[in-house]
Amino acid sequence: MGKTLTEKIFAAHLRDQPTEDNMILDLDVVMCHEITTPIAIMDLMEKGMDKVFDTTKIKAVIDHVTPAKDSKTAMQGKIMRDWARRHDIKDFFDIGDNGVCHALFPEKGFVRPGYTVIMGDSHTCTHGAFGAFAAGVGTTDLEVGIYKGVCSFRVPKTIRVNITGALQPRVTAKDIILAIIGKISVNGATDKILEFVGPVVDSLSMAGRMTLCNMAVEAGATCGVCMPDRTTALYLWPFISADYPSLDAAVEDYRRWHSDPDAVYDRTLDVDVSELAPQCTFAYKPDQVKNIGELAGTPVDQVYIGSCTNGRIEDLRDAATILQGRRLAPGVRGIVTPATPLIYRMALEEGIIATFLAAGFCVLNPTCGACLGMSCGVLAPGEVCASTTNRNFNGRMGKGGMVHLMSPFSAAATAVTGVITDPRDINN
Amino acid sequence: MKQFGGPAILLDRSDINTDEIIPAKYLTEITKTALKPHLLEDLLLDGKPFAPPAETLAKTRVVITRANFGCGSSREHAVWVFEVNDINVIVAESFARIFRQNMFNCGILAVELDKAQIDALFAMKGNVSVAIDLQRDLLTATSDSPGQAAVQCSFALNPFDKKLVAAGGWLTYADSAY
Ligand code: SF4
């Protein structure tokens, strides 16, 4: 009987199987940020367990609120810094070098096909785009990960999502994943892996695949995964070129981490995207999704472009094609947050930052910022935000605010009209 | 082993997420006890803020709710805020994975029942109290309303989750096992 990609990764990392249903896995990477890690650090210190299992396998960043906004967030940063120094954690990213974890760590080459990754952050599923098993966990799991390098998971079950057809212009990976969540609901994939395959996935860039996997958790999934291929190897080439004689050799090697043709799935979902319109959420759950045209005309107060879902250079480029030569509609606030310093630099060099500034946007440093309503663009009660982020929960970007999730194309189109707009209705 | 059960509150909604259980603005706290006053602060039930009397919340030990409880952000704060309010059992039709794992990791109980059983609990009149028998995997709900019969439900716990609860959580378990 064949195996899925995730079953292969689990088998290769199995430390213990205490019951038929539970597998304890060895971890290749434990990622940490300043919101969920400080309590883990403090607890380990209190219990006399202030150790890390392997300094080279810990990757840490201050990203959610940076620079610090008050004494409490400053303290969270300080606990991280002191800890990184104490344990000589080399891959620690602080102001100037920091960015949104799920954009920054892939960019540094920290995630490879076949890896096991955990982080105290639900969108860790993003890293499955590399053919890795990457799962968000709570602080206790993170503590054990930091201290022992292991984590416990249920035996994986996989839903295969076969994506076919051809995307229309200005329809993106964000629209695909919103449509899928709309179809299977916010717990349609609970305790499951979402395996994205098919010609559309093959043709997506790593950025697109990361967007797809990023929102797997919004359907309840443990992880989203894509099969590692030439696109993956090319992205990682600066980090792996010493390990392989050629790119072809890397691509060949990565085939180890493909699901077998006779693998057993929980179920298969076929999605044809040829007719797919840009998507938009309309209430407080990410599965409350409509074609954006059905919401057209809804006024917004703020447009937010950024986050681990859509703050990559490809996303800023998409938005800039619409913003080019245009201004924010009167009364609309625009905020853009390049997700990492590298993305910021590329956007500067490509003239994209100039385009955003000319359009009247506020350009922030790389940070999670407004995405989780802690800083940098919190909504007032009754305000509406068109956002490229991943959660429209009640209160997510500020108590009493309404968030409409959409792609960077759609957010830019909405920014220039001031009302929710199908980006295909903007000419150029 | 610690005792599980006590007076219950009922949250009649599915998909209650961790932002509603504890909003992100409290994630800057670095002690669990600081979370205590903010339990379910942003929760809407039937579109209205959920605001039970403080005395009711103070004696609550059990929460009964519907499907996909604890979805969204991985923040363990959403479990701690129950823990510091002395709530030690959550009964639901289903849980989001990370939240359920966080509960067992902290040594508190996530009990899954099927929809018919949950409906029966929601149909009970009066103030409901829940007793958990971990030897027999049996939940008994009683009410102070005269004429309301007790409702009994068997549940199944994953054997490993049971071990975690017995060990007092994942850190203690992992420290001795690995
Ligand atoms: S950008 Fe938003 S969703 Fe992504 S890690 Fe930051 S807070 Fe979480």
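This is a predicted model: local features need pLDDT of at least 70, side-chain atom pairs count only at pLDDT 80 or more; totals for chains, interfaces and linings use all residues.
Local features are described where pLDDT is at least 70 and side-chain atom pairs where pLDDT is 80 or more, whereas totals for chains, interfaces and linings use all residues; side-chain values use heavy atoms, with hydrogens and water left out. Residues are numbered from 1 along each chain as its sequence is written, and chains are lettered from A in the order in which they are written.

**View 1. Chain A as a whole.**
Chain A has 15 helices and 19 strands, which are DSSP runs numbered from the N terminus (helices H or I of at least four residues, strands E of at least two). The radius of gyration of chain A, at 21 Å, is close to the 22 Å from the globule rule for 428 residues, so chain A is as compact as a globular protein of that length; the radius is taken over C-alpha atoms, and the rule is 2.2 Å times the number of residues to the power 0.38. The C-alpha trace of chain A spans about 60 × 55 × 40 Å along its principal axes. Of its 428 residues, 66% count as buried, where buried means under 20% relative accessible area, exposed over 50% and partly exposed in between (1.4 Å probe, protein chains only). Among contacts in chain A with a separation of 6 or more, 75% are between residues 24 or more positions apart, a contact being heavy atoms within 4.5 Å. Chain A exposes about 14200 Å², of which carbon and sulfur atoms supply 51%; the areas come from the Shrake-Rupley method with a 1.4 Å probe, and for residues only the protein chains shown count as cover.

**View 2. Chain B as a whole.**
Chain B contains seven helices and nine strands. Its radius of gyration is 16 Å, which agrees with the value near 16 Å for a compact globule of 178 residues. The C-alpha atoms of chain B fill a box of roughly 50 × 40 × 25 Å along the principal axes, and 62% of the 178 residues count as buried. Of the contacts in chain B between residues at least 6 apart in sequence, 63% join residues at least 24 apart.

**View 3. An aromatic pair in chain A.**
Over all chains, a search of the whole structure finds 19 aromatic pairs, defined by ring centres of Phe, Tyr and Trp (its six-membered ring) within 6.5 Å, with planes under 30 degrees apart counted as stacked, over 60 as edge-to-face and the rest as tilted. One of them joins Phe130(A) and Tyr235(A) edge-to-face, at 5.3 Å centre to centre with 65° between the planes. This pair links distant parts of the chain, 105 residues apart, with Phe130(A) in the loop between β6 (116-119) and β7 (133-136) of chain A and Tyr235(A) in helix α9 (residues 230-240) of chain A. Phe130(A) is buried at a relative accessible area of 0%, whereas Tyr235(A) is partly exposed at 28%.

**View 4. Aromatic rings in chain B.**
Phe69(B) and Phe99(B) have ring centres 5.3 Å apart and planes at 85°, so their pair is edge-to-face. Phe69(B) lies in the loop between β4 (62-65) and α3 (77-83) of chain B and Phe99(B) in helix α4 (residues 97-105) of chain B, so that the pair links parts of the chain 30 residues apart. One aromatic cluster is formed by Phe69(B), Phe82(B), Phe95(B) and Phe99(B).

**View 5. Helix α5 of chain A.**
Helix α5 (residues 139-148) of chain A is largely enclosed by the rest of the structure, because nine of its ten residues are buried. The buried residues of α5(A) include Asp141(A), Glu143(A) and Tyr147(A). After α5(A) comes Gly149(A), with a positive phi near 70°.

**View 6. Backbone features in loops.**
Most residues other than glycine have a negative phi, and most peptide bonds are trans. The peptide bond from Thr66(A) to Pro67(A) is cis, with omega near -5°, and Pro67(A) is found in the loop between β4 (58-61) and α3 (71-86) of chain A. Cys376(A), a residue other than glycine, has a positive phi near 60°; Cys376(A) lies in the loop between β17 (362-363) and β18 (384-387) of chain A and is partly exposed at a relative accessible area of 32%. Asp46(B) likewise has a positive phi, near 55°, in the loop between β2 (44-45) and β3 (48-49) of chain B, and at 73% relative accessibility Asp46(B) counts as exposed.
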